[in-house]
Amino acid sequence: MMSNHIFDFERPIAELEKKLDEMRKTAADNGVEMEAEATLLERKVHDLKNNVYSNLSRWQRVQVSRHPERPYALDYIQHISEEFIELYGDRTYRDDKAMIGGLARVNGQTVMFVGQQKGRSTKDRQFRNFGMPNPEGYRKALRLMKMAEKFGIPVISLIDTPGAFPGIEAEERGQGEAIARNLMDMSVLRVPIICIIIGEGASGGALGIGIGDRVYMMENTWYSVISPESCSSILWRSWENKEEAAEQLRLTAEDNLRLKIIDGIIKEPLGGAHRDPQAAYQAVREQIVADLTRFAGADPDELIQARITKFTSMGAYIEKSEKEPVASS
Amino acid sequence: MSWFKRSKENINTRTEEKNNTPDGLWEKCPNCKKTLQSKQLRKNAYVCMNCEHHLRIGSEEYFELLFDEAEYDEIAGNLISGDPLEFVDTKRYPDRLRDTMKKTGLNDAIRAAVGNINGFSTVVCAMDFSFIGGSMGSVMGEKICRAIDYCLENHYPLLIISRTGGARMMEGALSLMQMAKISAKLTLLAKARIPYISLLTDPTTGGVTASFAMLGDLNISEPGALIGFAGPRVIKETIGRDLPEGFQQADFVQEHGFLDFIVNRKELKDRLYKTFRLLMVTKVEA
Ligand SMILES: [Zn+2]
C-alpha cells in the first residue's frame with residue numbers, strides 16, 4: 001500500500017498501484033479472473049519501485065528521511081526491546097521532550113537508550129520541539145549515559161534531529177557547552193556506545209549524541225554539517241539551491257561510508273522504513289544484537305583507546321612540502 | 001621550564017619588518033569610527049585608544065603580542081586542505097582555497113606555534129577569520145591535534161584562540177567530525193593534567209563553540225566578543241522576534257556561567273602567564 005504522503009518521484013508508482021487496485025476491484029465485482037494481467041502489473045509495480053528507490057538523488061533521500069510516517073526513536077525502542085522504562089530529566093533544569101531515553105532490555109541484555117524524538121501530530125510535533133533539543137536535552141542524555149557507565153550498561157543512541165534548537169534560552173543555558181561536554185565525555189565513556197542515525201543527522205545537534213564505537217546510518221537518512229536548505233541559503237544566498245546543496249554535501253549513508261565517517265549502512269525496506277516499519281525494526285534490532293555480542297566483555301580502556309583513534313583519524317588534508325607551490329588541481 | 005630548539009629557517013622575521021610600520025599609516029576604528037595611527041594601534045594591542053574596542057586581529061598579531069621577542073616556531077604549518085567531497089558552490093573548493101591562500105598568505109584558518117610567554121613555554125593555536133571566515137575543516141582538526149601532541153610530549157600548556165563562524169561547509173560531515181576529533185584528543189591532555197585555556201574572541205560561533213572552545217579548563221574572552229552556538233540571525237529568524245540588548249556578548253556569556261573571566265587584550269599576556277603558572281607551578285618558596 002502507498003502511504004498517505006507521496007513524494008513527486010513516487011507518483012508513477014502510486015498511479016500504477018492505483019490501477020492495480022482498480023483492476024482487482026473490477027475483477028472482484030464482476031467475478032472475473034484477471035490473474036494474468038494482475039500478476040503482470042504487480043511485477044511492473046515491483047520493477048518500477050526497485051528502479052525508483054535504488055536511484056534516489058541525494059535530495060530525495062533527504063525527503064524520505066523526513067517522511068512524516070517514518071518510525072521515530074520511541075517506535076524503535078518499543079519494538080526492539082523486551083522491556084523499556086523511560087527516564088526523564090537532566091537533574092538541573094528540566095526534562096527535554098526532544099530528547100528521550102531510558103533503560104531497556106534487548107535480547108536479554110540491559111541497555112541504555114538515548115535519542116532525539118520527533119512528534120507526529122501537529123500538537124505532538126510542537127511538544128517534541130520538532131526533535132530539536134535544548135541544552136537540557138544533551139545534559140539529560142549525558143546523565144543517562146553516565147548512569148549506564150556506572151552500571152556497565154551499553155549505550156544505544158538513536159539520532160534523528162533537524163538540529164539543536166537555536167533559541168534565546170538555549171544560548172542562555174549554553175547549547176554550545178552542552179554539546180561540547182557530550183563530545184568529550186562520550187569519547188571516554190567506559191561502556192560500548194552504538195549510534196544509529198534513523199532519520200536526520202543535522203550537524204552538532206546530531207553529533208551531540210553521536211560519538212560511538214560503532215556509528216551506522218539507515219539507508220534513507222542524511223548526516224552532515226548543515227542541512228541542504230541552510231547550506232543553500234548561505235552559499236547560494238537563496239533557498240532554491242537545496243537540491244544542489246544536498247548533492248555537494250555528500251550527505252547520504254553511502255557517501256559517509258565512503259568518507260569513513262560511519263561503520264555501516266542498515267538496509268531499509270523498499271521505499272523507506274515507513275513502508276514496512278516491522279522490517280525496519282527487525283533490521284535495526286539485528287545490528288544492535290550483533291554489536292552487543294561483539295562488545296560483550298570488552299575492556300573499557302581498549303574500547304576508549306579505539307574510540308579516540310577512530311575519531312582522531314577523521315579528516316582529509318595534504319602535507320605540503322615547504323618548497324613546492326600549492327597544488328592548483 | 002625547558003627551552004626548545006629553534007631551527008633558523010623557521011624563525012619568523014615578519015615582526016621586525018612590521019616594526020618599521022611607517023608613521024603615515026592610519027586605520028579607522030569600526031566601533032567609534034575614529035581614525036587611529038596604525039603604529040599606535042599596534043602598540044596598544046589593537047585596542048582602540050578612543051573607545052577600548054578590540055579590533056579583530058589574526059594569528060600573526062596574537063603570536064607577536066604573546067610570545068617573548070615575538071619569537072616562535074610554527075607547528076604543522078604545511079598542512080593544507082584536500083577536497084574530499086569535490087565540493088562546488090559558486091566556486092570549486094580547491095579554487096576557493098587557492099584564491100584565499102593567495103589573498104591572505106595563509107595555508108588555512110588556524111596556525112599553531114610554540115614559544116615563550118614571559119619565559120614560560122606555551123603552545124598557542126590562533127585562528128584567522130580572513131581565511132573563509134575562520135572556518136573549521138580537516139586542517140584545523142589535524143593542526144590542533146598535532147599541537148596537543150606537542151603539548152603532551154613536552155608538557156607545555158595549550159592556548160587556543162578562536163575567531164570563527166564554525167565548521168566549513170565545503171568539507172561536509174568531515175568538518176563536523178573535527179568537533180569530535182578535537183574533543184576526543186583533548187581528553188588526552190586532560191588525562192596528562194596539562195592545562196588548556198580557550199580564548200573566545202569576536203566572533204566565536206557554531207561547531208567551534210559546540211566543541212573545543214567551550215572545553216577549556218578555563219574559558220575566557222575579550223570584551224564585547226560575540227559568542228554563541230547559533231548565530232544571531234538564525235535565532236532571530238527561528239523565534240521571529242528581536243534579540244535582547246547585549247545578547248551573546250561576552251558579558252552575557254559570563255553572566256550565564258560559561259566564561260571564567262573577560263580580559264582586556266593589553267593584559268592578556270600577563271594574565272595567561274599568571275594563570276598557567278598557578279596551575280603548573282603549584283608550590284613556590286614563600
Ligand atoms: Zn574606537
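## About the model

The model is predicted, so local features are reported only at pLDDT of at least 70 and side-chain atom pairs only at pLDDT 80 or more, while totals for chains, interfaces and linings use all residues. Residues are numbered from 1 along each chain as its sequence is written, and chains are lettered from A and ligands numbered from 1 in the order in which they are written.

## The sheet in chain B

Let's begin with an open sheet of seven strands, ordered β3-β5-β6-β7-β8-β9-β10 in chain B, with mixed pairing. Its edge strands, β3 and β10 (261-262) of chain B, each pair on one side only. Strands here are DSSP runs of E with at least two residues, helices are runs of H or I with at least four, and both are numbered from the N terminus. Two strands pair if DSSP finds at least two bridges between them.

Within this sheet, β7 (residues 158-164) of chain B runs parallel to β8(B), with six bridges. Here B:Leu159 sits opposite B:Ile197 of β8(B).

The peptide bond between B:Asp202 and B:Pro203 is cis, with omega about -10°. Most peptide bonds are trans.

## Two positive phi values

Most residues other than glycine have a negative phi. A:Arg91, however, has a positive phi near 70°, and belongs to the loop between β1 (83-86) and β2 (99-106) of chain A. B:Ala70 has a positive phi of about 55°, in the loop between α3 (59-66) and β3 (72-75) of chain B.
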